[in-house]
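Hi everyone, thanks for coming. Let's have a look at this one together, starting on the inside and working our way out.

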Amino acid sequence: APCIVFIDEIDTIGKSRDSGRFGGNDEREQTLNQLLAEMDGFDPTKGIILLAATNRPEVLDKALLRPGRFDRRIIIDRPNLAGRLATLQVHTRNIKLAEDVNLEKIAQATAGCVGADLANLVNEAALRAVRKGRKAVNQEDLLVSFELVIAGTEKKGSVLTEFEKKLVAYHEVGHAMVAYKQKNTEPVQKITIVPHTQGALGYTLLMPEEDKTELRTRDELMAKIAVSMGGRAAEEVVMNTMTNGASQDIQEATGVARNMVAMFGMSDQFGMMALASRRSQYLDGGYSMTCAQETYAAADRETIKILRQCHEEAKQILRENRELLDKIAAYLLKKETITGQEMMAIIEGRDPETVDNYGASKSSQPAFRPSVPETIEAPA
């Protein structure tokens with residue numbers, strides 16, 4: 001003393017000593033008992049501070065969490081805008097930045113990212129600057145590396161047929177149109193049909209204009225499901241077909257709808273009844289159903305009802321705006337990557353070429369296009 005003792009991942013030795021579970025672990029329990037005895041014996045005047053970290057607080061032994069042992073619990077959440085800006089400033093301290101770098105814009109774009117994501121983003125931007133033969137990281141490097149963190153790298157060698165490109169273009173514009181035409185959605189930042197390792201054959205990037213809390217209204221959740229359904233709806237309305245490209249969208253939409261029924265009390269049939277309980281809040285956020293089999297089946301039917309309603313809504317929006325859908329898809333097929341501003345220009349009848357193309361590539365080299373294999377970049 002005086003000192004600070006820090007125990008990381010305390011759940012490895014601090015798991016609950018519940019005798020009801022099969023197969024105890026004597027050694028771990030002895031370690032925990034010793035730890036509890038030592039913590040109880042600290043003299044409050046000596047100045048020993050004990051810190052511990054875990055992302056599984058629900059499995060910790062109750063004795064560890066009593067006052068006198070660990071007195072205070074601090075939950076570290078995802079950083080807000082100010083937190084992300086400060087984190088970016090920390091990670092860019094030892095990196096040369098060009099004059100056009102605006103970390104505030106990067107902090108705004110990275111809503112929902114945690115510190116590790118931001119560190120990865122800065123690292124990728126530095127690698128890209130070196131690959132391009134520059135001495136400093138510019139704004140474009142940071143924006144491109146942000147996409148790399150969320151959607152993976154571009155698949156350099158994949159060549160799509162004309163039919164596949166058209167399908168993907170309509171699928172992505174379907175998402176964007178449904179997002180634009182609804183009230184409670186985030187604005188479209190970017191649409192691309194360049195294949196990415198995690199974004200499959202293309203993706204639509206929606207970005208919140210300001211930091212939102214985790215609080216969501218029923219209308220916002222329904223709008224989110226409808227946006228997820230927009231891709232499949234566009235395939236059905238325009239091409240009269242269905243593809244497996246919507247599998248990720250369907251999983252996301254089903255997850256939101258199931259949460260609405262089981263956790264948020266937003267269904268007509270069950271109202272304010274919780275049908276599930278959280279398992280591990282800070283890891284996967286998963287839950288297990290705690291209701292009878294008949295109720296479980298009824299909850300499934302209620303989930304299907306919400307999904308069908310949103311799917312029909314998405315199809316209706318696209319049928320009503322078919323002309324705009326065709327215009328934006330044609331422009332996307334020509335450019336392969338367009339920004340939200342360019343999409344807004346087409347909707348408002350302006351020339352999309354005149355838009356300040358914030359975030360799009362401004363390099364003089366011919367841009368890589370999967371449909372033109374001659375311009376394939378050499379691998380890094």
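Let's begin with Met177. Setting aside neighbours within four places in sequence, Met177 is in contact with Ile317, Leu318, Asn321, Leu324, Leu325, Ile328 and Ile347. Keep in mind that this is a predicted model.

So where does Met177 belong? The largest nonpolar core has 53 residues, and Met177 is among those that touch the most other members, together with Ile225, Met260, Ile306 and Ile328. The element that gives the most is α7, with 11 residues. There is also a second, separate core of 23 residues, and Ala107, Phe146, Val149 and Tyr203 are included in it. As a general point, nonpolar side chains in soluble globular proteins tend to be buried together.

Finally, how far can we trust what we see? The mean pLDDT of the protein is 81, with 86% of its residues at 70 or more. Over residues 358-375, though, pLDDT stays under 50, and the model has 32 contacts beyond four places in sequence for this stretch. Where pLDDT is low, the predicted coordinates should not be read in detail.

Definitions and conventions
Residues are numbered from 1 along each chain as its sequence is written. This is a predicted model: local features need pLDDT of at least 70, side-chain atom pairs count only at pLDDT 80 or more; totals for chains, interfaces and linings use all residues. Side-chain values use heavy atoms; hydrogens and water are left out. pLDDT is the predictor's confidence in each residue, from 0 to 100. Contact means heavy atoms within 4.5 Å. A nonpolar core is a set of buried Ala, Val, Leu, Ile, Met, Phe, Trp, Tyr and Cys residues joined through side-chain atoms within 4.5 Å. Buried means under 20% relative accessible area, exposed over 50%, partly exposed in between (1.4 Å probe, protein chains only). Helices (H or I, at least four residues) and strands (E, at least two) are DSSP runs, numbered from the N terminus.
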